[in-house]
Amino acid sequence: MPNNEGVYRFDSGRALSIIVSPKFSSSGLEYFGRSLMMTDFENGDLRSLYALDDSTFVVGVQRVVGAPFDGRIQFMKDEQGNIEGLMWWETPNDILSSPVPSEYAARVPLVIDDGVSYLSADGTKLVGRLTMPVSAGPHAAFVMPHGSEAGTRDNFGAKVTAHYFLSRGIATLNYDKRGVGDPEGSIMKAPMLQI
């Protein structure tokens with residue numbers, strides 16, 4: 001499934017991010033299945049994709065609510081089996097046939113460098129992922145900061161943010177927080193302020 005991950009762009013300029021759903025559980029309950037999820041950068045929709053087979057998925061109406069389904073996509077492969085795009089059908093009433101025409105979205109080419117490392121001001125080695133457009137540079141770039149979580153370069157927010165900026169031709173550096181993933185150091189958590 002991870003080879004489906006990427007940014008897909010329609011002729012209209014509308015762009016979609018598709019990633020593997022993050023694992024999330026609490027108190028023994030699993031909240032998200034390990035399927036694909038889609039973010040539509042045109043309207044902000046975040047939806048789950050449900051597999052009918054290896055390349056065909058129905059589109060749920062929300063992230064955790066599938067039915068009623070709101071469309072269907074099929075990943076299109078080249079002769080070598082690499083995904084080069086997807087077909088989209090907006091078929092809310094009949095997900096298995098195609099009463100309306102489909103739209104094609106090409107996969108946006110990108111370069112990922114997972115071996116980026118650098119030293120912080122205090123000499124701690126940090127490690128990250130640089131995601132860049134394939135087009136000739138130089139490119140504007142964005143460094144994705146972390147919040148209070150134990151953030152990594154490949155968490156949900158990092159991937160979707162990198163895809164968003166990539167869809168606009170901007171490179172992104174996502175890094176592992178100190179003491180999380182590959183970098184040196186230890187994670188520091190600030191105490192909660194009691195009021």
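Let me start at one spot: Thr56 stands opposite Gln74 in S8. Before I go on, this is a predicted model, in which local features need pLDDT of at least 70 and side-chain atom pairs count only at pLDDT 80 or more, while totals for chains, interfaces and linings use all residues. Residues are numbered from 1 along each chain as its sequence is written, and side-chain values use heavy atoms, with hydrogens and water left out.

Some terms. Helices (H or I, at least four residues) and strands (E, at least two) are DSSP runs numbered from the N terminus. Two strands pair if DSSP finds at least two bridges between them. By that count the chain has one helix and 14 strands.

Back to the starting pair. Strand S7, residues 56-59, and strand S8, residues 72-77, are antiparallel and share three bridges. S8 also runs antiparallel to strand S9, residues 83-89, and six bridges join S8 to S9. Within that pairing Arg72 is opposite Trp89 of S9. S8 and S9 make a hairpin with five residues between the strands, and Gly81 there takes a positive phi near 90°.

These strands belong to the barrel. It is closed, has eight strands in the order S1-S2-S5-S6-S7-S8-S9-S10, and its pairing is antiparallel. From one strand to the next the twist averages 30°. For angles, axes are lines fitted to C-alpha atoms, for helices over the stretch in contact, and the values run from 0 to 180 degrees between N-to-C directions. What pairs with strand S1 across three bridges? Strand S10, residues 103-107, does, antiparallel to S1 at residues 6-10. Tyr8 has Arg107 of S10 as its bridge partner.

Ser21 sits in the loop between S2 and strand S3, which covers 25-26. Is Ser21 buried or exposed? Ser21 is buried, with a relative accessible area of 0%. The cut-offs are under 20% relative accessible area for buried, over 50% for exposed, and partly exposed in between, with a 1.4 Å probe and protein chains only. The C-alpha atom of Ser21 is 5.3 Å from that of Leu36, although the two residues are 15 apart along the chain.

Now the other sheet. It is open, with four strands in the order S11-S12-S14-S13 and mixed pairing. S11 and strand S13 (141-144) are the edge strands, each with a single partner, so one side of each has no neighbour in the sheet. Direction ignored, neighbouring strands here are turned by 25° against each other on average. S11 and S12 are antiparallel over eight bridges. In that pairing Val111 stands opposite Met132, and Val116 has Gly128 as its bridge partner. The two strands form a hairpin with five residues between them, and in its turn Gly123 has a positive phi of about 90°. On its other pairing, S12 meets strand S14 (residues 171-175) in the antiparallel sense over four bridges, with Arg129 opposite Asn174.

H1, residues 156-166, lies across S1, strand S2 (15-20), strand S5 (36-40) and strand S6 (46-51), at about 155° to S2. Contact here means heavy atoms within 4.5 Å.

Which element gives the largest share of the lining of the largest pocket? H1 does, with four residues. Strand S11 (110-119), strand S12 (125-133) and H1 are the elements that give two or more residues to the lining. The volume is about 170 Å³. A pocket is an open set of points on a 1 Å grid over the protein atoms alone, where a 1.4 Å probe fits, with protein on both sides within 12 Å along at least five of seven lines, and lining residues have an atom within 4 Å of a point. Points are joined across faces, edges and corners, and the volume is the space filled by probe spheres set on them.

To finish, one total for the whole chain: 39% of its 195 residues count as buried.
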